[in-house]
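Welcome, and thank you for taking a look. Here is a friendly walk through a protein model, from single residues to the whole chain.

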Amino acid sequence: MNGPLVPFREIVLKVHSRCDLACDHCYIYEHADQSWRTRPKAISDQAISWTALRLAEHAKTHALPSVSVILHGGEPLLAGPARLRRVCEELTAALAPVTDLDLRIHTNGLQLSPRYLDLFDEYGVKVGISLDGDRTANDRHRRFADGRSSHPLVLKAVELLHQERYRHLDLGLLCTIDVANDPVAVYDALLALAPPRIDFLLPHATWEEPPPRPDGSPTAYAEWILAVFDRWNDRGRPVPVRLFESVLSTLDGGPSLTESLGLAPTDLVVVETDGTLEQVDSLKSAYEGAATTGFDVFRHSLDDVAAHPGVRVRQLGLAGVAESCRRCPVVRSCGGGLYTHRYRAGSGFANPSVYCADLEALVRGVEDRTASATAAPAVADPGALVAEQHDLTRVLLAELHSELDGRGGEPWAEAWELAGTVERHSDGLDEVLAHPYTRTWLLDCLDALRAGRPGAAGPAGELARYVAAAAVRGRVDVPVRVAHRGGALHLPTLGTVEAAGPVEVRATGDGFLLRAAGGAERRVGRLDEEGAGWRPVRRGAHGAALDDLDPHRDRFAVPATGRLAPGEAAEWSGRLDRAWVLLGDAVPEQAGEAAGSLTTLTPVTGTEPVVGRHGYGALGLPVAAGGDREFAAALLRGFRRAKLRALLDVTDLYALDGAWQHPAPWQETPVPVSALLAGAYERAGLSAYEEGHADHVEKALDLLENAAELTVGGKLLVAGVRKELCRSRDRSVTPSRG
């Protein structure tokens, strides 16, 4: 199989192969693989030492920042304190010089005592306890061999772990689901123990040995889990629940948080008590030898296991699931289910999960319950989008201030203090920070600092220019010194004035006073009038700036023009005025939103509207773009592109899942979901203005609604585009008159 090896970041170390309970749902003792019978009860000194050595060399080879080792069984506490101490000592000694070690133990809790917890405290071993709910639920499966209840002893273990001196070791509770139990009673019983986390686990099953469904419902497990979800969600999510957090994460474009869901490659290997290296333990539910690799810690490296075909197939992401799963809209969240649960004799693991219907119902159920609360307001509310964009620019300014960490020197410190003064007395700073090219300046400075380029802090001194512009806009009478070089000083959002060397800018009524270092002064009386070395930023229809001056405007895919001559500027402005009129007649809702959002229009070369790395509101418009109707269409296309780019700045509309490809109705070759969404979004906006888009958009929306990569916000956007398309079609139908 192609691609680099995925290193193991999690090791399950079997320290004891027997158990003191007789749980009838245990995959080790009750399912197909019975290899435990031939293995030593406790792990040997030699196996411990070789495991530590192999893990340390693996961590060093792959430069792993940390590794997790989970002490497991059987029941790991049966190994005894002395053997567990040996394990902790060997692992710590081998790994401490190489990487951070996260030690954990999963236990039924029956043997837990202060002598174990003192040992775990010494080595930082976190403790997870298995408990299936209240006594009725827990005793359905977790009993001693003679039928006695284990519940009281487990509660004592939890109580001991919650003592103040041990509470920091508490990893939480693991609960295996049984749909015969009352889901709310189970959850409430677990929550009453105040765990730091709860994990709900589906019982291991395959198509050969399917899970019990007492009422015959194909979604019984989803219904059980969703009942718990409702209880958890309605009460404010009082404790992290890994299963729920994983589904919510993937729905929002993030990673899966558990091996049993999602498409993340497996990074777990098992070391048995005899030193053999095996695949994930749950495979023992499939058939005898399903977890076998043929490797052991004495003769083989962990890289040997990582290259095993059985391991590699679980690292293929979408390509590693069944064909029917690849076309399923929820596959990014469910990941085809746990690999073990896909097994069927004859076809192996190339099947959907035996819990397929449950997983789909679970993901859709969580999405239906949370979509309105989890989708970013900016997706549906243009005002929220503008506000979030402004917040983003302020965050970037704060990041720049933090990263400079004094490297901006006195000019930066002085300008930073003056910015606070201007903000306290006017809205001028808000207005300048809302300027799209302020974002460009901030990103340029941060890029330079993070790349360690010489003089990176110098451009950051330009903050004074922005503060000066803010003071002038807000008519705040404070002197702002600008360490300016060159023959012209640009005041963002206002214009450019002739100036050589450092100057002081001071607001004066409708203009400003410019004082040079030698004392010479120049007064600009009106900001909107050109003259005396002053070139203002021109304004067009709806108050939009026609900015052909800002030095940070030139970050489009095509070059910006220079300063337009008065005749050229008047012609370009006139075309814009006529374009707004055409759009106002044809698509009034879009025209209104575009006019309120596109604050800064810059003339560019080429024939297409372009969106750069600027903040929301900037658009590069070609000087030449056909007639008035074509120019209006370019303005509308540009608005749609700018808005989608702005949405992607503040929220995830799709997950970055690499090479997933989709057919695009407007071209022959497939495209990633990002291009499909962008094409549909742009064409939907144009469909009411010019013909030839609606059918393509309809087909694209059908594809997008079944695209697993879309987040909740992406799906909300697609639903909005469909409504927009319907409104466009309604307008195109002229009612007949009798």
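## Two residues and their surroundings

Valine 432 is part of helix 16, which covers residues 428-433. Helices (H or I, at least four residues) and strands (E, at least two) are DSSP runs, numbered from the N terminus. A note before going on: this is a predicted model, in which local features need pLDDT of at least 70 and side-chain atom pairs count only at pLDDT 80 or more, while totals for chains, interfaces and linings use all residues. Residues are numbered from 1 along each chain as its sequence is written, and side-chain values use heavy atoms, leaving out hydrogens and water.

Is valine 432 buried or exposed? With a relative accessible area of 0%, valine 432 is buried. Buried means under 20% relative accessible area, exposed over 50%, and partly exposed in between (1.4 Å probe, protein chains only). Not counting residues up to four places away in sequence, valine 432 touches Thr438, Tyr466, Ala469, Ala470, Arg473 and Thr493. Contact here means heavy atoms within 4.5 Å.

Now compare alanine 42, found in the loop between strand 1 (10-14) and helix 1 (45-61). Alanine 42 is partly exposed, at a relative accessible area of 32%. Apart from neighbours within four places in sequence, alanine 42 is in contact with Val15, His16, Arg83 and Thr273. The table gives two C-alpha to C-alpha separations that involve alanine 42.

| Pair | Apart in sequence | Apart in space (C-alpha to C-alpha) |
|---|---|---|
| Alanine 42 and valine 432 | 390 residues | 69 Å |

## Helix 14 and its partners

Helix 14 (residues 382-404) and helix 15 (residues 409-425) have axes that come within 12 Å and cross at roughly 150°. The axes are lines fitted to C-alpha atoms, for helices over the stretch in contact, and angles run from 0 to 180 degrees between N-to-C directions. Helix 14 and helix 15 are therefore roughly antiparallel to each other; angles under 35 degrees count as roughly parallel, over 145 as roughly antiparallel, 65 to 115 as roughly perpendicular and the rest as oblique. The residues making this contact include Arg394 and His401 of helix 14, and Trp412 and Trp416 of helix 15.

Helix 14 also packs with helix 17 (residues 436-451), at an angle of about 30° and with the axes 10 Å apart. Among the residues in this contact are Leu392 and Leu396 of helix 14, together with Trp441 and Cys445 of helix 17. Cysteine 445 counts as buried, at 3% relative accessibility.

## Cysteines

How many disulfides does a search of the whole structure find? The search finds zero disulfides, a disulfide being a pair of cysteine sulfur atoms within 2.5 Å. For cysteine 325, the closest cysteine sulfur belongs to cysteine 356 and is 5.7 Å away, too far for a bond. Cysteine 325 is buried, with a relative accessible area of 8%.

## The whole chain

Stepping back, the protein chain comes to 25 helices and 20 strands. Its C-alpha atoms fill a box of roughly 100 × 80 × 45 Å along the principal axes. Of its 738 residues, 53% count as buried.

The chain averages a pLDDT of 90, and 95% of the residues score at least 70; pLDDT is the predictor's confidence in each residue, from 0 to 100. Over residues 733-738 the pLDDT is below 50, and this stretch has zero contacts in the model beyond near neighbours in sequence. Where pLDDT is low, the predicted coordinates should not be read in detail.
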